[in-house]
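This briefing concerns contacts between side chains, with attention to charged groups and aromatic rings. Please examine the sequence and the structure below before reading on.

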Amino acid sequence: MSSQFSTLLFPQVIPWCLLFFSIVSVFIKPKVAWFSIAITLISAFILNSISIVGIGVLAVLFSLAFIANKNSHRWVKVILTSLVIILCIGLAAHLLPGFNNLLVLDKVNKSINSSDFTLYLNLDKPMILFALLLMVPTVLQFNAKPRYCERIGTLQLFLLVTVGFIVILTLASIIPLIQFEPSIPNWWWLFALNNLLLTCVIEEVFFRGYIQQKLAIYFTPIAGLFIASLLFGVAHFAGGLAYVLIATLAGVLYGFIYHVTGKITYAILGHFVLNFIHLSLFTYPLLVKH
């Protein structure tokens, strides 16, 4: 086993194995997922992956989310919902204390022209999924799609998404944020597992399943799509304005998939496929500018 995988040893990895199972269970057996996430947090506490402070943060978050779902008073609900969203953003940005995320790749390079890549298995960010499920139990359910979307069949959608992939990756190459450099690193499986379950699932449920769906109700489905996409792009501000632009366009594509199909799982799949194409065929995460 290479040194870059040296941290992937038992027992440190146990909480994340349980976490992966919990997230998959959310889409298959939700009741099992709640039992599994409880066991995940217990094991994480025992193995010092989360402290008593982190447990306290989650207790507050989950309590607020549950009460926000049950409370019928409009302004109380608005305040509680706002607090939940603020805490979720804090988790996503790793700003809340008490979490010891597991470092599994430390400044590795996918290729000679690729920038350094560091990967943590996060325990804080995935908790957003469970907070949203407590606050909006229907967040993963089929979202009613507009009637005009029924004219878009599977083949047409596949072609439109493929064109979207090409446009996004071509524009990112022109800027240039990335460069065509096909190769697959030996840590691709670790990237795939983390990216699908701890990144794509969480981000799509938050930005499409929750934000886009809510904005579609308050405004229009199209407005919801574009506003959620812009917020998704802004969330990637650390990469610079060009990266925000590309992330926004990617968000439009994922939002379009969700808008047309009404299924969050399809948006998750589209997000993951684009990310994996990026890893496989281009410099990752960004091009080193010499």
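This is a predicted model: local features need pLDDT of at least 70, side-chain atom pairs count only at pLDDT 80 or more; totals for chains, interfaces and linings use all residues.

By what distance along helix α7 are E204 and R208 separated? These two residues are four apart in the helix, which means that about one helical turn lies between them.

**Salt bridges**

- Side chains of opposite charge can pair when their charged atoms come close.
- Two salt bridges are present in the structure.
- One of them joins the side chains of E204 and R208, with a distance of 2.7 Å from N to O.
- E204 has a relative accessible area of 0% and is therefore buried.
- R208 also counts as buried, because its relative accessibility is 0%.
- A salt bridge also forms between K125 and E203, whose closest N and O atoms are 2.8 Å apart.
- This pair connects distant parts of the chain, 78 residues apart: K125 belongs to the loop between β2 (117–121) and α5 (127–135), while E203 belongs to helix α7 (residues 188–218).
- K125 and E203 are both buried.

**Aromatic pairs**

- The structure contains twelve aromatic pairs.
- In one of these, the ring centres of F191 and F276 are 6.4 Å apart and the planes stand at 40°, so the pair is classed as tilted.
- The pair links distant parts of the chain, since F191 lies in helix α7 and F276 in helix α10 (residues 264–281), 85 residues apart.
- F191 is buried, because its relative accessible area is 2%.
- F276, at a relative accessible area of 22%, is partly exposed.
- F207 and F232 make an edge-to-face aromatic pair, with 5.2 Å from centre to centre and 85° between the planes.
- Because F207 is in helix α7 and F232 is in helix α8 (residues 221–234), their pair ties together parts that are 25 residues apart in sequence.
- F207 counts as buried at 10% relative accessibility, and F232 counts as buried at 2%.

**An aromatic cluster**

- One aromatic cluster is formed by F117, W187, W188, F191, F272, F276 and Y284.

**Charges over rings**

- R208, whose side chain meets that of E204 in a salt bridge, lies over the face of F232, at 4.7 Å from the ring centre.
- The charged end of R74 is placed over the ring of W75, 5.3 Å from the centre of that ring.

Definitions and conventions. Residues are numbered from 1 along each chain as its sequence is written. Side-chain values use heavy atoms; hydrogens and water are left out. A salt bridge is a side-chain nitrogen of Lys or Arg within 4 Å of a carboxyl oxygen of Asp or Glu. Buried means under 20% relative accessible area, exposed over 50%, partly exposed in between (1.4 Å probe, protein chains only). Rings of Phe, Tyr and Trp (its six-membered ring) pair if their centres lie within 6.5 Å; planes under 30 degrees apart count as stacked, over 60 as edge-to-face and the rest as tilted. A charge sits over a ring if NZ of Lys or CZ of Arg is within 6 Å of the ring centre and within 35 degrees of the ring normal.
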